[in-house]
Amino acid sequence: MTPQPAERLPLPFETGVPRRTRILFLVSAPFLVVVVLAPLVAVLTLGPPTPVVLAVTLLLGLPAVGAGIWLLRRVLRSLSGVVRVTEDGLQYECTGEMPVFLPWKSVASVRERPIWQRLEVVGQGGNPVIHVEYQVDDFERLRREILVQTRENTPVELPLHIKGSSHLVNVLSVIGLAAGLVAAGMTSPEFLIIGFFLLPLFALELWRMSVGVTADEEAVEVRYLFRKRRHAWRDIDDIVFDDTFNRGQRIARLALVVGGKRIALGGLRGSATDNWMRLYSAWLVQRGEASNPTGA
């Protein structure tokens, strides 16, 4: 039975950062300004500063204030941006800037910027660059649509190897944590109680974390710490993003959908969008649903 393809965006499609998010940032912006200015004001008002202290404060404080204001202005402008997806390409409009249009065939790369919490869609030669904020409405489907539209720019090369986390480092980390808790438990038994609940969680995550993925013409092999699993291309229903969130920050991760169940591919190195593109392109080609963009 051929699985139904993942739901695509109705084109043309337009989205942006939700209004509530913009209002929340506007409300919090004055408090951020106060935090930036507080150290400078404190030095200048708590007694007469010496010439050296005054010079150092101005030398360090004024650039910091300028950088903070520039950053707030940049974030405010990015929150007002509108992303429009069409059959021909990607368009970005932002207050105070000229609209930018990037045809799909001119896209050189799509990469994550986890610190800034955005995608960057980059044209040939590094220009133009369209920023897609993680906070926009329907981001998951928008990201997939952008990648699907630019798939033909990515050749399929098998065998495909994607390295994962260093299992040695992970094992040593858990052993070190266990040793530290046991040592602390010799004097404070509560540490042993903490370890009793905490260590199994770390061990379970270590057991589930993939340490590498290899794809050939027949299957995708997912390697774990003490085992490996092969999944034939015909048995894979889809390759999807399985993002996690840490303190409100989106962390892009992948998963295979096999038999209706998600098999997480956490711990892979490199760009999640690059890894998705390579695996997804190979999946389509090996299933006979698309041709290799390079004809290889």
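Patches in this description are made of residues with over 30% relative accessible area and no salt bridge, with like charges joined within 9 Å and nonpolar side chains (Val, Leu, Ile, Met, Phe, Trp, Tyr) joined within 5 Å. A salt bridge here is a side-chain nitrogen of Lys or Arg within 4 Å of a carboxyl oxygen of Asp or Glu, and accessible areas come from the Shrake-Rupley method with a 1.4 Å probe, where for residues only the protein chains shown count as cover. The model is predicted, so local features need pLDDT of at least 70 and side-chain atom pairs count only at pLDDT 80 or more, while totals for chains, interfaces and linings use all residues. Residues are numbered from 1 along each chain as its sequence is written, and side-chain values use heavy atoms, with hydrogens and water left out.

One such patch lies on the surface: Phe191, Ile194, Leu198, Leu201 and Phe202 form a nonpolar group with about 430 Å² of accessible area together. Leu198 belongs to helix 5 (residues 190–208); helices (H or I, at least four residues) and strands (E, at least two) are DSSP runs numbered from the N terminus. Leu198 counts as partly exposed because its relative accessibility is 31%, given that buried means under 20%, exposed over 50% and partly exposed in between (1.4 Å probe, protein chains only).

Attention now turns to the largest pocket. A pocket is an open set of points on a 1 Å grid over the protein atoms alone, where a 1.4 Å probe fits, with protein on both sides within 12 Å along at least five of seven lines; lining residues have an atom within 4 Å of a point. The largest pocket holds about 370 Å³ of space. Its lining consists of 18 residues, and Leu79, Trp116, Gln117, Glu133 and Gln135 lie nearest the centre. Helix 1 (19–45), helix 2 (51–79) and strand 14 (249–251) each give two or more residues to this lining, with helix 2 providing the largest share, four residues.

Gln117 sits in the loop between strand 5 (107–113) and strand 6 (118–123). Its phi is near 55°, a positive value in a residue other than glycine, and Gln117 counts as buried because its relative accessibility is 7%. For Gln135, the C-alpha atom is separated by 9.5 Å from that of Arg250, 115 residues apart along the chain. Arg250 lies in strand 14 and, at 9% relative accessibility, counts as buried.

The backbone also includes a cis peptide bond joining Leu11 and Pro12, with omega about 0°.

Terms used. Grid points are joined across faces, edges and corners, and a volume is the space filled by probe spheres set on the points.
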